[in-house]
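Here's a quick tour for anyone meeting this structure for the first time. Take a look at the sequence and the model, then read on.

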Amino acid sequence: STLALPINCALEQIAIFHDSDSEFIELQTDLWQRLPALHRAALIVHELIYKSYRLLGDRSSEFTRLQVAQLFSEEGKSVLRGLPTDVELCTAYSTSGNETTKFFIYSTSSSLRGTQWFLQFTQLMGRPLVTKTFITLSTAFPRMSQINTFLGNSIFPVVSDREVQAAEFYPLQGVGYDNWTIKIDWSPKKPVSIALYNGRELQQETYFWGCKKEQP
């Protein structure tokens with residue numbers, strides 16, 4: 001995101017990670033020494049995570065910044081916080097198989113809000129999450145019993161009994177993910193897809209495979 005700088009201020013780069021056989025971080029010493037210990041730790045963690053995410057194809061550090069924000073947040077709750085005992089762990093894969101999305105699915109009921117369904121993520125597009133990150137649905141997410149046909153040569157199960165024709169967007173709730181949404185497309189005769197949307201572009205889609213009972 002764009003940073004609004006105070007008057008008479010400028011951005012300066014403190015560190016450069018050199019991708020080479022030796023793999024080293026070049027630091028601007030005078031600026032590095034002015035950083036508090038926590039900020040130094042965050043910078044090093046940022047560079048190490050971004051190195052691994054570049055292997056997944058990242059061309060910017062957007063996902064890395066989200067990961068670091070969660071790791072160093074004082075407001076974040078455990079990624080498993082609030083999960084009931086009766087949950088299922090669901091998995092979605094990209095076509096390459098590298099960018100896996102994982103989430104727990106469960107529901108709650110109350111006289112005020114009726115039945116609500118929650119998808120609580122532990123991994124998004126191959127990037128692990130460390131604080132509670134979830135979306136709330138007003139309708140049930142399809143279970144394995146509902147996903148029982150295949151489309152052509154597709155390796156992904158598809159929804160066979162849904163009448164929803166359009167994709168739906170749900171606000172993502174979690175540290176660092178303000179203004180992000182999750183797109184779920186469960187139109188009939190199409191693979192169920194889950195994707196991240198940052199307000200500018202849609203990230204690579206992952207395709208729902210199935211769920212299994214899991215003890216959090």
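The second largest pocket holds about 180 Å³ of space. A pocket here is an open set of points on a 1 Å grid over the protein atoms alone, where a 1.4 Å probe fits, with protein on both sides within 12 Å along at least five of seven lines; lining residues have an atom within 4 Å of a point. Keep in mind that this is a predicted model, where local features need pLDDT of at least 70 and side-chain atom pairs count only at 80 or more, while totals for chains, interfaces and linings use all residues. Residues are numbered from 1 along each chain, and side-chain values use heavy atoms, leaving out hydrogens and water.

**Pocket lining**
- Thirteen residues line this second largest pocket, with Gly57, Asp58, Phe63, Arg127 and Gln203 nearest its centre.
- Its lining splits into six charged, four polar (Gly counts here) and three nonpolar residues.

**Confidence**
- The chain averages a pLDDT (the predictor's confidence, from 0 to 100) of 80, and 85% of the residues score at least 70.
- Over residues 148-153, pLDDT stays under 50.

Notes
Contact means heavy atoms within 4.5 Å. Grid points are joined across faces, edges and corners, and a volume is the space filled by probe spheres set on the points.
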